[in-house]
Amino acid sequence: MRKLIFLLFFILCSCKTGFDSSSKKCIDKEHREILVNAVESFDLKLEEQYKNLSKEAAYFQFLSDWASKKLPLDFFQDSLELKIRNLNLWEVSERTDRNMELEKTLFDVDSMNLIRVKLNSEFSTCLSKNTRDWDGIRRFLLANSKYRLSPRLALKNLSYTNETDLKEFENRLAIVLGVYYQTMFNIKNTVANNGYNL
């Protein structure tokens, strides 16, 4: 009986620290530290932006403000952006003139990058299989693996998420990468090693 209790305690402790063992297969070992830092940095950014809210509630307020275009462009600045952009997690494609105009309207900006950036399908699908939020985050990741969602459509998928879900690191990571950084790379000129100017 003691061995069983010890084993359960060990499993519980290992699940509480950063990535759990199942999601590690989605991320190269050398990139884990960068992504952990990205989530922690974003948590601090939200804490500054939404001082009176819990961490989980701040994520929801960020998503709401993002979808309703209430965030200033300088909110999408981060010291880790080049490190994150250079991870092998992104797909790029060139926007058509028609898509450019549509996306400028969706994001309420005067210009968009010629190159469209989104999380790659392989990573999105892998992370979705390891998330504990069956409805909101998983639905968002699977939809985002096929299409780059507008803020309103992304928020619709993420509205099935609750504050308990956002206590899980992987769920916050999905929002940090799929919403925050993906938006950043699409509205800013960020240079990546693949030769594109974003």
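This is a predicted model: local features need pLDDT of at least 70, side-chain atom pairs count only at pLDDT 80 or more; totals for chains, interfaces and linings use all residues.
Lysine 55 is partly exposed, its relative accessible area being 38%, whereas aspartate 43 is buried at 13%.

Aspartate 43 also meets the side chain of arginine 172 in a salt bridge of 3.3 Å, N to O. This pair links helix α2, which holds aspartate 43, with helix α9, which holds arginine 172, across 129 residues. Arginine 172 has a relative accessibility of 8% and counts as buried, because the limit for that class is under 20%.

A further salt bridge is formed by glutamate 56 and lysine 167, whose closest N and O atoms are 3.7 Å apart. Glutamate 56 lies in helix α3 and lysine 167 in the loop between α8 and α9, so this contact ties together parts that are 111 residues apart in sequence. Glutamate 56 counts as buried at 9% relative accessibility; lysine 167, at 54%, counts as exposed. Shared partners join Asp43, Lys55 and Arg172 into one salt-bridge network. The structure holds 4 salt bridges.

## Nonpolar core

The largest nonpolar core comprises 51 residues, and those with the most contacts inside it are Phe62, Ile84, Leu177 and Tyr181. At least two residues of this core come from each of α2 (29–49), α3 (55–67), β2, α6, α7, α8 (151–158) and α9. Helix α9 provides the largest share, 12 residues.

Leaving aside residues up to four places away in sequence, phenylalanine 62 touches Phe42, Leu46, Tyr50, Leu71, Phe75, Phe76, Ile175, Val179 and Tyr180.

## Aromatic pairs and charges over rings

There are 10 aromatic pairs in the structure. In one of them, the ring centres of phenylalanine 42 and phenylalanine 62 are 5.1 Å apart and the planes stand at 75°, so the arrangement is edge-to-face. Phenylalanine 42 is in helix α2 and phenylalanine 62 in helix α3, so the pair ties together parts 20 residues apart in sequence. Phenylalanine 75 and tyrosine 180 form another edge-to-face pair, 5.9 Å from centre to centre with 85° between the planes. Here the partners are 105 residues apart, phenylalanine 75 being in the loop between α3 and α4 (81–85) and tyrosine 180 in helix α9. Phenylalanine 75 is buried at 5% relative accessibility, and tyrosine 180 is buried at 0%.

One aromatic cluster is made up of Phe42, Tyr59, Phe62, Phe75, Phe76, Trp90, Tyr180, Tyr181 and Phe185. Phenylalanine 75 also has lysine 45 over its face, at 4.9 Å from the ring centre. Elsewhere, the charged end of arginine 139 sits over the ring of tyrosine 160, at 4.0 Å from the centre.

## Helix α6

Helix α6 spans residues 121–130, and its buried residues are Phe123, Ser124, Cys126, Leu127, Ser128 and Asn130. These buried residues pack against β2 (115–119), α7 (136–146) and α9 (169–187). At the start of α6, asparagine 120 places a side-chain oxygen within 3.3 Å of the backbone nitrogen of glutamate 122.

How values were computed. Residues are numbered from 1 along each chain as its sequence is written. Side-chain values use heavy atoms; hydrogens and water are left out. Buried means under 20% relative accessible area, exposed over 50%, partly exposed in between (1.4 Å probe, protein chains only). Helices (H or I, at least four residues) and strands (E, at least two) are DSSP runs, numbered from the N terminus. Contact means heavy atoms within 4.5 Å. A polar contact is a pair of N or O atoms within 3.5 Å; within protein, one must be able to donate a hydrogen and the other to accept it, and residues adjacent in sequence count only if both atoms are side-chain atoms. A nonpolar core is a set of buried Ala, Val, Leu, Ile, Met, Phe, Trp, Tyr and Cys residues joined through side-chain atoms within 4.5 Å. Rings of Phe, Tyr and Trp (its six-membered ring) pair if their centres lie within 6.5 Å; planes under 30 degrees apart count as stacked, over 60 as edge-to-face and the rest as tilted. A charge sits over a ring if NZ of Lys or CZ of Arg is within 6 Å of the ring centre and within 35 degrees of the ring normal.
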